[in-house]
Amino acid sequence: MTKNNVTNIKETKPTQCFSYEVNMLVHIIADDEATAKAQLDEKGGIVTKRDVKLVNTVTLYGEDKDK
């Protein structure tokens with residue numbers, strides 16, 4: 001008989017990756033569009049509307065203990 005020498009180092013639990021689609025309306029106060037774009041990229045702006053939709057969920061690793 002062959003003996004199984006594999007040992008479980010750490011019990012794992014399922015970890016998931018959640019993917020969201022986010023649509024936002026952001027306001028920037030600036031003198032011109034180039035300055036507004038730079039400020040948006042660097043610091044963000046004032047969010048006045050935000051719609052979030054879950055689009056996908058995937059288990060990355062781990063096992064259910066019940067299985």
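Asp-41 and Lys-37 pair up in a salt bridge, with their closest N and O atoms 2.8 Å apart. A salt bridge here is a side-chain nitrogen of Lys or Arg within 4 Å of a carboxyl oxygen of Asp or Glu, and a search of the whole structure turns up one. Keep in mind that this is a predicted model, where local features need pLDDT of at least 70 and side-chain atom pairs count only at pLDDT 80 or more, while totals for chains, interfaces and linings use all residues. Residues are numbered from 1 along each chain as its sequence is written, and side-chain values use heavy atoms, leaving out hydrogens and water.

**The helix and its salt bridge**

- Asp-41 and Lys-37 both sit in helix H1, four residues apart, which is about one turn of the helix.
- Asp-41 counts as exposed because its relative accessibility is 53%, and Lys-37 is partly exposed at 48%. The cut-offs are under 20% relative accessible area for buried, over 50% for exposed, and partly exposed in between (1.4 Å probe, protein chains only).
- At the start of H1 (residues 33-42), a side-chain oxygen of Asp-32 comes within 3.3 Å of the backbone nitrogen of Ala-34.
- Just after H1, Gly-44 has a positive phi of about 90 degrees.

**The overall layout**

- The chain has one helix and two strands, and along the sequence they follow the pattern β-α-β. Helices (H or I, at least four residues) and strands (E, at least two) are DSSP runs, numbered from the N terminus.
- Of the chain's 67 residues, 1% count as buried.
- If you take contacts between residues at least 6 apart in sequence, 72% join residues at least 24 apart. Contact means heavy atoms within 4.5 Å.

**The surface**

- The chain's accessible surface is about 6,700 Å², and 50% of that belongs to carbon and sulfur atoms. These areas come from the Shrake-Rupley method with a 1.4 Å probe; for residues, only the protein chains shown count as cover.
- A nonpolar surface patch is made of Phe-18, Tyr-20, Val-22, Met-24, Val-47, Val-52 and Leu-54, with about 650 Å² of accessible area together. Strands E1 (15-27) and E2 (46-61) are the elements that give two or more residues to the patch, and E1 gives the most, with four.
- Patches use residues with over 30% relative accessible area and no salt bridge: like charges are joined within 9 Å, nonpolar side chains (Val, Leu, Ile, Met, Phe, Trp, Tyr) within 5 Å.

**A closer look at the strands**

- Met-24 belongs to E1 and is partly exposed, at 44%. Beyond its neighbours within four places in sequence, Met-24 touches Val-47, Lys-49 and Arg-50.
- Asn-56 is in E2 and is partly exposed, at 38%. Leaving out neighbours within four places, Asn-56 contacts Cys-17, Phe-18 and Ser-19.

**How confident is the prediction?**

- The chain's mean pLDDT is 86, and 76% of its residues reach 70 or more. pLDDT is the predictor's confidence in each residue, from 0 to 100.
- Among the elements, H1 has the highest mean pLDDT (98) and E2 the lowest (94).

Key: A polar contact is a pair of N or O atoms within 3.5 Å; within protein, one must be able to donate a hydrogen and the other to accept it, and residues adjacent in sequence count only if both atoms are side-chain atoms.
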